[in-house]
Structure formats: structure tokens, C-alpha cells
Amino acid sequence: MSNAFANRSGEAVFLCYHSIASAGAEFLALAPDAFERQLAGLRRRRYRSGGIADLRRLAAGERLPGRTAFLTFDDGYRDNHDVAMPLMREYGFKPLVFLLPRHVDEGAGFRWPEVAELYARHPDRLRSLRWSQVDEMVEQGAEFGSHTLTHPHLRELDDEQLGVELGQSKAELERRLGACDMLAYPFGEWDERVAAAAGAAGYRFAFSLPQGPQAEGGPLFIPRVNVDNRDRPGRFRLKLHPLVRQFLLSDAGERLRGVRRLARRGGGRRA
């Protein structure tokens with residue numbers, strides 16, 4: 001099994017985006033001009049775009065043909081179609097986007113408790129893609145996976161609820177798109193039970209977003225590094241370095257994040 005799934009190698013980098021917008025979802029958004037600079041930097045450093053075929057190569061123990069950047073997008077913001085996709089096409093990249101299929105049915109707003117306050121302030125920004133937009137993106141090379149039905153904390157669900165969230169979202173996406181082999185865990189949260197349920201539901205690949213250290217990687221627990229509006233050019237370049245990603249996904253990296261979380265609470269702002 002390739003250790004590239006651990007997101008610590010020079011072979012592959014797994015990045016997590018949400019919204020590409022100049023305002024709206026604080027710490028979930030990245031301004032379009034900053035995103036364009038990142039794409040230009042990736043191309044300048046000879047990264048190619050990673051997709052599900054590359055995940056299958058890694059799962060088979062094969063090497064990828066050069067540096068590969070997997071640009072994943074959680075939730076399926078409408079601006080992924082309007083803003084991110086045109087920029088990615090310009091620079092020769094394609095996204096892996098994780099959808100809440102029932103939100104896509106109506107182009108609904110994102111209102112789960114953790115973002116409800118943001119939605120109240122920016123209802124036009126925190127809004128899902130519609131199927132017509134998903135179809136356009138598929139034609140342009142985007143690939144899609146599941147982000148469950150309702151964006152719950154999966155570890156808090158019982159086995160039956162967990163099966164519904166994973167299985168029904170996969171089935172609905174398969175009916176609409178023909179296949180659904182990928183999953184991004186809501187909030188990036190998983191454990192062995194959740195990963196086993198994802199495998200039992202038929203997912204071949206699943207992505208986390210570690211809120212604690214994640215020492216290893218595998219097809220059903222691929223750790224990603226988050227990218228948002230705090231990532232100035234120098235900070236983004238560091239995240240492309242294997243040793244930096246190794247630190248960010250380590251015990252020491254989690255301790256640093258813990259210190260920053262305490263500072264934010266004490267100072268009333270996020271670092």
C-alpha cells in the first residue's frame with residue numbers, strides 16, 4: 001500500500017478547500033485571487049491534478065506520474081461552479097467535490113448548527129450547488145463524492161444512523177451521477193468504526209480533516225491539510241512541503257493548534 005495516502009510524501013499532496021469567495025464563510029473561504037495564485041504556484045512547481053484514477057493507482061501500490069495535487073472541496077458550495085471551476089480549467093486542474101445530495105436537489109443553504117450563524121449573515125454565500133451546475137462541472141472534468149445526507153458528527157451516531165447517512169447519500173449520488181466511490185467525512189471526523197462503515201457502504205476512498213494527530217493514512221482515512229484565507233503565499237508553499245505536512249499531522253502539530261485555539265478564545269478571534 002502506498003504511503004502517499006498519509007499525505008507526507010513529495011509524490012502526492014491532499015488539500016481541502018470549501019468556499020472560493022472574497023467574503024462570507026470565515027475560515028471556510030479563500031479569496032478568488034488567492035486561489036488563482038495557488039493554482040499558478042502549483043502549475044509552476046509542475047504539479048498535475050489528481051483524480052479518482054490516481055487514487056486507484058495508489059491503492060494498487062503504483063507510483064503516480066509526477067507530483068500530484070488532489071484539490072478537494074467539501075460541502076459543494078455554489079461558488080465551486082461559478083468561481084473555482086473556471087480558474088481550475090484555466091490552470092489545468094480539476095476538483096474532487098463532496099456533496100450533500102438533498103441540498104443539491106434544492107440548491108439549499110448550509111444551516112447545520114456549526115455554520116448557522118454564518119448562514120444567517122451570508123445566506124447567498126453558504127449555498128449548495130444545483131444538479132445543473134454539477135452536470136456542467138462533470139462535463140468539464142470535475143469528480144464528485146458524498147459528504148453524507150445531513151453533515152452530522154458521524155462518531156456520535158449509532159450504527160443504524162451511520163448506515164443511513166453513508167448508504168443513502170451514496171445511493172442518491174449513484175442514481176444521479178452513475179457512480180460514487182468517494183466520501184469526505186463531515187468535519188473531517190472519523191474513527192475505526194466510521195471507516196469500517198464507510199467500507200461496508202461501498203466507498204473505496206474516504207478523506208479526513210484531522211482535528212488531532214493522524215499518524216497514518218489509507219484508502220478510507222486519507223488525511224488532508226485545510227486551506228483557507230489565512231494561507232498567504234508563503235504559508236501555502238510550506239503546506240506543499242512533505243516535512244511541513246508531517247508536522248501538521250503530528251502530535252506536535254496538534255499541540256500547536258490547541259495553543260492557537262486557546263488564544264482565539266481568550267482574544268475573541270481566530271488565529
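Helices (H or I, at least four residues) and strands (E, at least two) are DSSP runs, numbered from the N terminus. This is a predicted model, in which local features need pLDDT of at least 70, side-chain atom pairs count only at pLDDT 80 or more, and totals for chains, interfaces and linings use all residues. Residues are numbered from 1 along each chain as its sequence is written, and side-chain values use heavy atoms, with hydrogens and water left out.

View A. Thr148 sits in the loop between strand 7 (143–146) and helix 7. Thr148 counts as buried, at 0% relative accessibility. Buried means under 20% relative accessible area, exposed over 50%, and partly exposed in between (1.4 Å probe, protein chains only).

**View B. Arg46, in the loop between helix 1 and strand 4.** Arg46 is not a glycine, yet it has a positive phi of about 65°. Arg46 is exposed, with a relative accessible area of 72%.

View C. Strand 5 covers residues 68–75. Eight of its eight residues are buried, so the strand is largely enclosed by the rest of the structure. Two strands pair if DSSP finds at least two bridges between them. Strand 1 (residues 12–17) pairs with strand 5 in the parallel sense, over six bridges. Here Tyr17 stands opposite Phe73 of strand 5. Strand 4 (residues 48–49) also pairs with strand 5 in the parallel sense, over two bridges. In that pair, Arg48 stands opposite Thr68. Strand 6 (residues 95–99) pairs with strand 5 in the parallel sense, over five bridges. Thr72 stands opposite Leu96 in strand 6.

**View D. Two β-α-β crossovers that involve strand 5.** From strand 4, the chain crosses through helix 2 (residues 52–59) to strand 5, and this crossover is right-handed. From strand 5, the chain crosses through helix 3 (residues 79–91) to strand 6, and this crossover is right-handed. A crossover is right-handed if, with the strands pointing away from the viewer, the path from the first strand over the helix to the second runs clockwise.

**View E. Helix 1 packs with helix 3.** Helix 1 spans residues 32–44. The angle between helix 1 and helix 3 is about 25°, with their axes 10 Å apart. Axes are lines fitted to C-alpha atoms, for helices over the stretch in contact, and angles run from 0 to 180 degrees between N-to-C directions. The two helices are therefore roughly parallel to each other. Angles under 35 degrees count as roughly parallel, over 145 as roughly antiparallel, 65 to 115 as roughly perpendicular and the rest as oblique. Helix 1 passes helix 3 in a right-handed crossing. A crossing is left-handed if the near helix is turned anticlockwise from the far one by less than a right angle, and right-handed if clockwise.

**View F. Helix 6 and helix 7 cross.** Helix 6 covers residues 131–139, and helix 7 covers residues 159–177. Their axes come within 12 Å and cross at roughly 65°. That makes helix 6 roughly perpendicular to helix 7. The crossing is right-handed.

**View G. Cys16 and Cys180, without a disulfide.** A disulfide is a pair of cysteine sulfur atoms within 2.5 Å. A search of the whole structure finds zero. The sulfur of Cys16 is 16 Å from the closest cysteine sulfur, in Cys180, too far for a bond. Cys16 is buried, with a relative accessible area of 0%. Cys180 is buried too, with a relative accessible area of 1%.
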